[in-house]
Amino acid sequence: MQDILIDPENTILVSAICLCEISLKYSSGKLQLSNILPDDCRISQNIGFNFFYLSIQKAATFYLLSDEYHKDTFDRMLLWQAIKNALVFISDDKEVKNHAASGLKVIS
């Protein structure tokens, strides 16, 4: 997976949903960050990641994704965003592959 992330030929998208989850984990004390706050987005930008937003149209159809495999709302939103935008999802989560029937393309 690391090869994919560092290859300059690949466009890496970071969902705004990830930043919501990082922020919540930071505020609850479940995530420790050294020398940075979650609202400092420059790190992702400096290493060449691009931010990607969940559109209203795609958010409104979120209910169509089965919750059979994932109960975590953030995970499910990320999966739905990838499916609806025909993006490749990178994850080491074994349950993610169960969404292939919904159109998810995944690299694990």
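The structure is a predicted model, in which local features need pLDDT of at least 70 and side-chain atom pairs count only at pLDDT 80 or more, while totals for chains, interfaces and linings use all residues. Residues are numbered from 1 along each chain as its sequence is written, and side-chain values use heavy atoms, with hydrogens and water left out.

The members of the patch are Met1, Leu5, Ile6, Val88, Ile90 and Ile107, and together they have about 480 Å² of accessible area, computed by the Shrake-Rupley method with a 1.4 Å probe and with only the protein chains shown counting as cover for residues. Patch residues have over 30% relative accessible area and no salt bridge; like charges are joined within 9 Å and nonpolar side chains (Val, Leu, Ile, Met, Phe, Trp, Tyr) within 5 Å. A salt bridge here is a side-chain nitrogen of Lys or Arg within 4 Å of a carboxyl oxygen of Asp or Glu. Ile6, which lies in helix 1, counts as exposed because its relative accessibility is 57%; buried means under 20%, exposed over 50%, and partly exposed in between (1.4 Å probe, protein chains only).

After the helix comes Gly29, with a positive phi near 85°.

As for cysteines, the number of disulfides is zero, a disulfide being a pair of cysteine sulfur atoms within 2.5 Å. The sulfur of Cys18 has its closest cysteine sulfur in Cys20, 9.1 Å away, and is therefore too far for a bond. Cys18 is partly exposed at 25% relative accessible area, and Cys20 is partly exposed at 44%.

Two loop residues complete the picture. Most residues other than glycine have a negative phi. Ala86, although not a glycine, has a positive phi of about 50°; Ala86 sits in the loop between helix 5 (73–84) and strand 3 and is exposed at 51%. Leu33, in the loop between helix 2 and helix 3 (42–46), is partly exposed at 31%.

How values were computed:
Helix = DSSP H or I, 4+ residues; strand = E, 2+ residues; numbered from the N terminus.
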